[in-house]
Amino acid sequence: MATAALEATSEALDTTVRLITPERITFQYPLAGPFRRAVAYLIDLGVLGMLLFLGLMVSLLLALGTAAGGGLFLVILFGLRFGYGALLEGVFNGQTVGKRAMGIRVVSVEGVPINGGQAFLRNLLWCFDGIVPFGYLPAIASMMLTRRFQRLGDLAARTMVIVEQRPTRVGVALLEDRVVDALLPQLPARIDAGPELSRALADYVTHRKRFSPSRREEMAAHLAGPARKTYELPDDAPGDAVLCALYHRVFLGE
């Protein structure tokens, strides 16, 4: 998933959403369809079922088997029903257990990571997306009628669900540069770049030695500028070193 700061210039293209940054850099996100999202949801329901069973056991244990355990279990049930998805998506960058298993992620419609408020709102709206007695028809109908397969919760929170395409580690270039090493501690331990950003970083690092240092800075400026702001890197950090450090995090991790 791209983490560069993007402005809200977007366009839907079949099952792919294309976002264009103010620097005219284009990122494409393959949208997660209803089937893949349904499987992720079923996995999450399974996880929720196990957590509820544990909650039931704990409530009965704390209440020593009395009827008071029922009230405690209702509190746990309410918290898990509405807090499970919101907490995981807010903490783990748009992913629950099911979404991670299916390789999908919730992002904002601008293509940037969602915040806690968006995670809470889109999960709270399951009250309407899965309202009884209509089952999940409101969610399905909304997904079928919107260009980004958004259910009502997504529309309210301005989010969408994309397929995460992890970069391959085959042919990863090794970087040995003291300037790059100095920037790495200032970056998150893990950066989830989208396919377009991953490809751009890989192409740049692979071919950068063909160009002079001044030409590298010119080429790197479009991506390095937003990256400095996003990760609060020094303004005087060379653009070439910034992209190499991002490449290191995306493809090699810590």
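**Exercise 1. Packing of α1 and α2**

Determine at what angle helix α1 (residues 34-62) and helix α2 (residues 68-91) pack in this predicted model, and classify their relative direction.

*Solution.*
Step 1. The angle between α1 and α2 is about 155 degrees, and their axes lie 9 Å apart.
Step 2. Angles over 145 degrees count as roughly antiparallel.
Step 3. Helices α1 and α2 are therefore roughly antiparallel to each other.
Step 4. As to handedness, α1 and α2 form a right-handed crossing.

**Exercise 2. Residues between α1 and α2**

State which residues make the contact of α1 with α2, and give their classes.

*Solution.*
Step 1. Helix α1 contributes Tyr41, Asp44, Val47, Leu48, Leu51, Leu52, Gly55, Leu56, Ser59 and Leu62.
Step 2. From α2 come Gly69, Leu72, Phe73, Ile76, Leu77, Leu80, Arg81 and Tyr84.
Step 3. Sorted by class, the contact of α1 with α2 comprises 13 nonpolar, three polar and two charged residues.

**Exercise 3. Packing of α2 and α4**

Find the angle at which the axes of α2 and helix α4 (residues 116-124) cross, then describe the direction, handedness and contact of this pair.

*Solution.*
Step 1. The two axes come within 8 Å and cross at roughly 150 degrees.
Step 2. Because of this angle, α2 is roughly antiparallel to α4.
Step 3. The crossing of α2 with α4 is right-handed.
Step 4. On the α2 side, Phe82, Gly85, Ala86, Glu89 and Gly90 meet Ala119, Phe120, Arg122, Asn123 and Leu124 of α4.
Step 5. This contact of α2 with α4 has five nonpolar, three polar and two charged residues.

Note on methods: Residues numbered from 1 in each chain as written. Predicted model: local features only at pLDDT ≥ 70, side-chain atom pairs only at ≥ 80, totals over all residues. Heavy atoms only, no water. Axes fitted to C-alpha atoms, helices over the stretch in contact; angles between N-to-C directions. Helix = DSSP H or I, 4+ residues; strand = E, 2+ residues; numbered from the N terminus. Parallel < 35°, antiparallel > 145°, perpendicular 65-115°, else oblique. Left-handed = near helix turned anticlockwise from the far one by under 90°. Contact = heavy atoms within 4.5 Å. Nonpolar A, V, L, I, M, F, W, Y, C, P; charged D, E, K, R; others polar.
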